Every structure is written in structure tokens, then in C-alpha cells.
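Here's a quick briefing to keep beside the viewer. Have a look at the fold first, then work through the notes below.

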Amino acid sequence: MTKTDLGIYVHIPFCVRKCDYCDFVSMVGSPDEQAYYIRVLKKEIRSFEALGNLYLVRTVFFGGGTPSITDVSQLERIMEQLKEQYEFAEDAEITIECNPGTLTEEKLVRYKEMGINRLSIGLQSTHNEELKVLGRIHSYEDFLESYRLARKVGFTNINVDLMTALPGQSVEAWEDVLRTVVALAPEHISAYSLSIEEGTPFYERYGSTKGRLLLPKESEDRQMYRLTKEILGEAGYRRYEISNYAKKGKECRHNITYWNGGEYVGFGLGASSYLGGKRFSNPRDKQEYWEFARNAYHHYKELTPQDQKATMEEFMFLGLRMMDGISMREFEEKFHVPFTEVYGTPVRRMVTQGYLEEDGNRLRFTDKGIDVSNQLLVEFLL
Ligand code: SF4
């Protein structure tokens, strides 16, 4: 029997300190708490044993949190268990998220030995004053040291995470960040705009009408966005998703699985999955997760697959994030209904207004469309 491709996400929620803007499932945890978490996580992974006969693992992503603060032997045990339970593709992409200041040469060597072949380093800014505002634990110099070690150990696929539209950040300052990072030639760069989330210290500071005046204006945000595409494009990075840029062949295969509607299973606190037509998320609360984890597979089996309408909407929402857009032919093959019957009206309007463009059987946002993509995507709700 041919196995189906699978991505595996493993959530490690621990961080040295909580950043002021962060609303991810992350926390500070003692070594004992971390060890307990890993034990529960392994139980959850074990409960999905039956999937091993059905799926071939193409990608693994250790995300967080800051997986690189976890004792490497714990990660090694998780990896061993995954390899025991699943067949891995020979060229499987295996990523770990790391933060500067939490890496050592020994750790990096052991990551390589356990099969990790891609690093995603959370730099956010090359300006130390901006890192301080964000509440990050590291300096740009810490990043440079981590990056140097990673290259020395032989990592040839590195992503650098950056953040735009920071409090007090000018367009010129952002340009400097971009040019500084480009000079280091990582294989992949992600650049997301800062988002102010309720319940964070940043929301207290910048969530009000008065607070928002301290953030770059919408027009400056757009300018930064355009500058990113321009500078990275000149340096040989292709924008393949709204906020992601890569050198040829270095696109993040794990994230592409999400956007292309591929199957993935997420293990750990708050992790999400899309498996067997079912979309679900683990509890975000620790106590609830402890209870849930050992019977996670049973919970999954009890769920009903999402309906066709929701799957069609996702096909559009996720696929249009990619610069290659969606294939109308693929839509028809998947859902057995003419594309125009479902989305003809909004698509015709957006093409006429210059927000969408057709290329053969593909449909994608134009630059004008990307600028207002959040508003436009609502039109694909059925
Ligand atoms: S390092 Fe990342 S996950 Fe951890 S607190 Fe900061 S933003 Fe959140």
C-alpha cells in the first residue's frame, strides 16, 4: 500500500523568559517540569502508533517556545521514538526553532547527529534597542555567535526570523536590518509584521488608540513590506508566501504542507493537526493536556471529518497565501464541482479590480491584492 505524506509538528513550549509581545503557547519551566512535559509528549506520540502503517514522514518541525533550551537528550528520545513509529523519507526536512544565546557547538553537533538538517533562528532585529523593546533575551552579537557556530558545524539550511513594524521603527531602520541580514546569506528569511495581541504586555502599551500612535503608520508598514520584497528579491530570495522568502530550493517544505492542505499531526501543548480530513487542536492548558495526551489518538478517532464547504474555504485561504496561488483544476479534481460554480462571482470581480490574476489554470494575488489580502480572503467564505 502506498503511504500518504505526513508532516509532524512537535511543540516544546519552554522559553527562558516570556517576550512582551508573545501570545504563543509558551512559558518558563523548571528542568523537572520540562522532563515531565517530555514524558507526557512521548505518551501522546505513542498513542498515535497506528499511523505508522499509513504515513511516510516528509518533514518534522520542532517549534515552540524555544526548543533549543531543552536538554538535547530529551529531543533525541523524541526523535528516536518518531523513527521507531514511522518510516521517514530519505530526504526528510527536519527543522528546529532556536533562539540566539541558547545554542552551543555541542548542541548543534548533536542536532546534526539526530538528523536535524534545518535551523530556524529567531533573530527579529539586528538592532539591540529594538530587541530590548520586544523583551527578547538576546543581542545581535549573540545571534552572530549562534549563526557562526551553526555554519561551522555544517548547517546549510538556515532560516532567520525577522519582525517589522516595531514600536518606533523607521523605514530606514528596517532597511538596515534587511541589508545586514542579507549580507550573512541565510538560505531563508521570514518577515512578519508585529501583531499586538490581547493579554500581552504589548497590548497594555500599544493596544489603545493612544498607544497605537507609537507604532509605525499603516502606510509605513506597507512601505516596509514592499522594501522587503525589493531588497530580498535583488539578493536572490524569491517570495514564495506572503511573509516568506527563500533561495532556490530552500523553501520551508513543512510550512508548504500547511498551505497546500497536506496532512500533518501536531504533538504537544496547543499543537494543531490536519489528519484524515479532521482538523483539531490539543488543549492549551497544561492540566487538560496531561489528561488528554495519553488518549489523544482515541480523541482523534472520535472526531468527524470537516465538511466540504470548510475544506473548500481552506483550499482558497491557505493556497492564496502562496505566491504561486491555487490551481483551479486541482480544486475541481478534489471537490468534483466546477470552480466557477463556487467562486466565479468573487473571482471575476477581483480579477477586474486588479487584485487577482489568472495564469492558465492558476489563480493568484497580484501585489495590489496582497496589500489587502486579509479583507479579500473573507470573500471566499461560503
Ligand atoms: S521566544 Fe518566542 S515563544 Fe518564547 S516567549 Fe519569545 S516570542 Fe514567545
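Strands S7 (residues 238–241) and S8 (residues 244–246) run antiparallel to each other, paired over three bridges. Strands count as paired here when DSSP finds at least two bridges between them. Bear in mind that this is a predicted model: local features need pLDDT of at least 70, side-chain atom pairs count only at pLDDT 80 or more, and totals for chains, interfaces and linings use all residues. Residue numbers start from 1 along each chain as its sequence is written.

**The S7–S8 hairpin**
- S7 and S8 make a hairpin, with two residues between them.
- Across the pair, arginine 238 sits opposite alanine 246 in S8.

**Overall fold**
- The protein chain has 17 helices and 14 strands; these are DSSP runs numbered from the N terminus, with helices being H or I of at least four residues and strands E of at least two.
- Its radius of gyration is 21 Å, close to the 21 Å that the globule rule gives for 382 residues, so the protein chain is as compact as a globular protein of that length. That radius is taken over C-alpha atoms, and the rule is 2.2 Å times the number of residues to the power 0.38.
- Along the principal axes, the C-alpha atoms of the protein chain fill a box of roughly 60 × 55 × 40 Å.
- Of the 382 residues in the protein chain, 36% are buried, meaning that 20 or more other C-beta atoms (placed from the backbone) lie within 10 Å of the residue's own.
- Take the contacts between residues at least 6 apart in sequence: 72% of them join residues at least 24 apart. A contact means C-beta atoms, placed from the backbone, within 7 Å.

**Two domains**
- The protein chain splits into domain 1 (4–259) and domain 2 (308–380), with bounds from an automatic or database domain assignment.
- The centres of domain 1 and domain 2, taken over C-alpha atoms, are 29 Å apart.
- Seven residues from domain 1 and eight residues from domain 2 take part in the contact.
- On the domain 1 side, S7 and helix H10 (253–259) each supply at least two residues, and S7 gives the largest share, three residues.
- That side of domain 1 has four nonpolar, no polar and three charged residues. Nonpolar covers Ala, Val, Leu, Ile, Met, Phe, Trp, Tyr, Cys and Pro; charged covers Asp, Glu, Lys and Arg; the others, Gly among them, are polar.

**Around the ligand**
- Residues surrounding the ligand include Cys15, Lys18, Cys19, Cys22 and Phe24, with "near" meaning a C-beta atom, placed from the backbone, within 6 Å.
- The shell has four nonpolar, six polar and one charged residues.

Methods: A residue is buried if 20 or more other C-beta atoms lie within 10 Å of its own, exposed if 12 or fewer, and partly exposed in between; C-beta atoms are placed from the backbone. Two residues are in contact if their C-beta atoms, placed from the backbone, lie within 7 Å.
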